[in-house]
Amino acid sequence: MWTAPCWQCTMPDEVATPLIRSGARNSRHLEATMSNPGAPVVGILGTGDFSRSIAQRLVASGYQVVVGSRTPKRSEALFPEEAEVTSQMEAASQADLVFVAVFPEHHSTLVDLKPALEGKTLVDVSNGLEIKQSGPSNAEQLADLFPGSSVVKGFNTVSAWALLTGPRDGNRQVFLCSDSNKSKTLVMQICRRMGFTPVDMGLLSSSLEIENLPLYLFPSWCNPVLCTLFLFIFFYLYNFLHDVLQPYIREGKSSFYKMPIETVNVTLPSVALVMLALVYVPGLLAAVLQLWRGTKYQHFPNWLDRWLTKRKQFGLCSFLCAVLHAIYSLCLPMRKSARLKLISIAVKQVNDGVEDVWDDESVWRMELYVSVGIMALGLLSLLAVASLPSVANGLNWREFSFIQSTLGYCALSMATVHTLLFGWDRAFDPAQYHFNLPPTFVLVLILPIMVLLGRLALLVPCMARRLRQIRRGWEKSRHIRFTLPRDDYGNGLEDVSHV
């Protein structure tokens, strides 16, 4: 029976509930509990959006909050009634722990508070304006300004909106680092009580990495997206040269109307199939390396490691191109050019006296082509859904491995058959080789077929057995008697390719 994760059992109900609700008349309405007398007094220096949000979350979590402002009277109305808004010096003196929620360039304005902050924990929530390759970080500079205080870097990756709406509507992880274990432990307790999950990043020297995190723009998506764009441009230009430019140069026939839809529609499945094949290439390369080395206890090359960690992104890019291809294909009959071409063909057949245009071979080819394409898209959709964290977290490793590996190879096989049916016998027709260039589908099929053949090679019993032995700890350089469990022989396709 499924059981709720431990955080759902221990997190207070008032923390799990968003602080803002749709339709609420008073934006300052709080579902706060009475402050816990044993909890530390939490101070906040600053009155910006983040300060107001974290003050509301702290109050709702049962903490006594005191806010330090240069203009307390003007800022008082912005904070919950349970929070005391006073001067910065008074707040620093009362608080046991202080959130420094001012811009890093204004940290120097707080030096007058040094005596009041002596021996206390300071939580730096600031971010930089650009990614820094070298220090010092904002947190390290703050530690230099207040050598008598313990600085903890954290909460800079949590938005003000996530604080207001509750951790379930945003990222639950809060990265923390500090040179003081005592201060870091205290901030972790506060973090958990607020409903977030603290992640210990070690010493304060890691603060630069934490400050850079919110500034990255989809770091794990960079290479897959660039690869997708490169393949799209390459295949689009190839199709343009092959299907549009060649007829214009050789026959004077203008086919430039194909560029917005038809050429794009031929390009998208090419990119989708190659990107899907690229999902499984690194797994095969890793298996070959392990077989060649005879051990699993050696690191893969850095480029292969990075490729292995980005397989999900490659697969989702492939899924996007496949979905766009399906939409474009449904739109093909709507084009004016398609209707005019159909009328022209009908008129020509009437003039030629053709009564029966039925062609069994063409009909069967198209029926199979569409049917296999639909199955391939369905399997790709299943892979995409299973990659979502909310779905993947509900699967055990064997289930996830079966979907992403076994069904993934089934999707690749279906997509390859779909492309073969599209090509049919045109690969052997010299008229299809415009400018002596092969049709696009011939180029597209090279990588998927190589991947599928590599997969079949790894399923050969002698190869599969040796690979299973290696992944259970066997090493070629150490002559140890090694026997696989009998039930391991039938674990399915996923046992061979997963690293």
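This is a predicted model: local features need pLDDT of at least 70, side-chain atom pairs count only at pLDDT 80 or more; totals for chains, interfaces and linings use all residues.
Residues are numbered from 1 along each chain as its sequence is written, and side-chain values use heavy atoms, with hydrogens and water left out.

Student: What is the order of the strands in the open sheet of eight strands?
Tutor: Strands (E, at least two residues) and helices (H or I, at least four) are DSSP runs, numbered from the N terminus. Two strands pair if DSSP finds at least two bridges between them. The pairing in this sheet is mixed, and the order is β3-β2-β1-β4-β5-β6-β7-β8.

Student: Which are the edge strands?
Tutor: An edge strand here pairs on one side only. The two are β3 (84-87) and β8 (197-200).

Student: Which residue is the bridge partner of leucine 97 in β5?
Tutor: Strand β4 (residues 97-100) pairs with strand β5 (residues 121-124) in the parallel sense, over four bridges. In β5, leucine 97 has as its partner threonine 121.

Student: What angle does the direction of helix α7 make with that of β6?
Tutor: Helix α7 (residues 138-145) packs on the sheet and touches β4, β5 and β6 (150-153), contact meaning heavy atoms within 4.5 Å. Axes are lines fitted to C-alpha atoms, for helices over the stretch in contact, and angles run from 0 to 180 degrees between N-to-C directions. For α7 and β6 the angle is about 170°.

Student: Is asparagine 138 buried or exposed?
Tutor: Asparagine 138 lies in helix α7 and touches residues including Pro104, His107, Asp124 and Glu211. Buried means under 20% relative accessible area, exposed over 50%, and partly exposed in between (1.4 Å probe, protein chains only). Because its relative accessibility is 4%, asparagine 138 counts as buried.

Student: How many bridges join β7 to β8?
Tutor: On one side, β7 runs antiparallel to β6, joined by two bridges, and lysine 153 has cysteine 177 as its partner in β7. On the other pairing, leucine 176 stands opposite aspartate 200 in β8. β7 and β8 run parallel, and the number of bridges is four.

Student: Why is strand β7 described as largely enclosed by the rest of the structure?
Tutor: Strand β7 covers residues 173-178. It is largely enclosed because the buried residues among its six number five.

Student: How far apart are the end C-alpha atoms of helix α14?
Tutor: The expected span of a helix is 1.5 Å times one less than its number of residues. Helix α14 (residues 311-331) has 21 residues, so it should span 30 Å. The separation in the model agrees with this, at 31 Å.

Student: How many disulfides does a search of the whole structure find?
Tutor: A disulfide is a pair of cysteine sulfur atoms within 2.5 Å. Cysteine 191 counts as buried at 0% relative accessibility, whereas cysteine 462 counts as exposed at 56%. The number of disulfides found in the whole structure is zero.

Methods:
Lists of a residue's contacts leave out its neighbours within four places in sequence.
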